[in-house]
Protein chains: 2
Amino acid sequence: MKHQSDDQLYLHLLGQRIRLAREQKGWSQESLSFACGLHRTYIGAVERGERNISFLNMKRIATALDLSLSELLDFEEK
Amino acid sequence: MKHQSDDQLYLHLLGQRIRLAREQKGWSQESLSFACGLHRTYIGAVERGERNISFLNMKRIATALDLSLSELLDFEEK
């Protein structure tokens with residue numbers, strides 16, 4: 001179903017974006033988990049595109065990665 | 001508690017941003033609700049900063065408003 005596959009695509013793109021930013025900082029999932037106060041397994045699931053993450057959790061992850069929300073979500077082509 | 005007030009602030013800023021973009025299109029909450037497939041009362045609550053909205057619902061609202069997620073979330077000062 002088109003709707004479902006779009007959702008999956010965007011969750012996947014977000015997860016990849018977070019992983020890239022984390023790796024650019026040279027952090028493990030554990031370090032990011034510690035920095036943003038979210039469980040390591042949750043971070044892993046978000047990076048795999050398996051969680052429809054909330055706004056505030058995105059904000060926590062962005063802040064821990066020294067990114068604004070806008071920067072974290074800049075993966076969409078215009 | 002500091003943590004709580006930061007969260008409230010960001011939910012409030014997001015809600016204001018969505019309201020501004022909606023009003024710039026000359027839309028009522030009902031029109032936005034119809035365009036993005038989310039209930040009007042939910043849209044109202046999000047605009048009032050009362051909902052910790054999910055990534056996919058933000059994506060639906062941004063798309064309905066012809067904005068990228070990055071544009072929708074550009075309200076943070078750097």
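Me: How much area is buried between chain B and chain A, and how is such a value read?
Reply: The size of an interface is often given as the accessible area lost when the parts come together. Here, in a predicted model, about 2,000 Å² is buried between chain B and chain A, with carbon and sulfur atoms giving 61% of that area. Buried area is the accessible area (1.4 Å probe) that two parts lose on being put together, summed over both. B:Phe55, B:Leu56 and B:Glu76 supply 29% of the area that chain B buries against chain A, more than any other three residues.

Me: What conventions apply to the numbering and to the model?
Reply: Residues are numbered from 1 along each chain as its sequence is written, and chains are lettered from A and ligands numbered from 1 in the order in which they are written.

Me: How many residues of each chain are in contact?
Reply: With contact meaning heavy atoms within 4.5 Å, 23 residues of chain B touch 23 residues of chain A. Of the interface residues of chain B, 100% are also interface residues in chain A, so the copies meet through the same surface.

Me: How is the packing of H2(A) against H4(A) read?
Reply: Two packed helices are described by the angle between their axes and the distance between the axes. H2(A) and helix H4 (residues 55–64) of chain A pack at about 110°, with their axes 9 Å apart. Helices (H or I, at least four residues) are DSSP runs, numbered from the N terminus; axes are lines fitted to C-alpha atoms over the stretch in contact, and angles run from 0 to 180 degrees between N-to-C directions. H2(A) and H4(A) are therefore roughly perpendicular (65 to 115 degrees) to each other.

Me: Which residues meet in this contact of H2(A) with H4(A)?
Reply: A:Leu32, A:Ala35 and A:Cys36 in H2(A) meet A:Arg60, A:Ile61 and A:Ala64 in H4(A). By class, these residues are 5 nonpolar, no polar and 1 charged, where Ala, Val, Leu, Ile, Met, Phe, Trp, Tyr, Cys and Pro count as nonpolar, Asp, Glu, Lys and Arg as charged, and the others, Gly among them, as polar.

Me: At what angle do H2(A) and H3(A) cross?
Reply: The axes of helix H2 (residues 29–36) of chain A and helix H3 (residues 40–47) of chain A cross at roughly 110° and come within 8 Å. H2(A) and H3(A) are therefore roughly perpendicular to each other. Residues making the contact include A:Leu32 and A:Cys36 of H2(A) and A:Ile43 of H3(A).

Note on methods
This is a predicted model: local features need pLDDT of at least 70, side-chain atom pairs count only at pLDDT 80 or more; totals for chains, interfaces and linings use all residues. Side-chain values use heavy atoms; hydrogens and water are left out. Helices (H or I, at least four residues) and strands (E, at least two) are DSSP runs, numbered from the N terminus. Angles under 35 degrees count as roughly parallel, over 145 as roughly antiparallel, 65 to 115 as roughly perpendicular and the rest as oblique.
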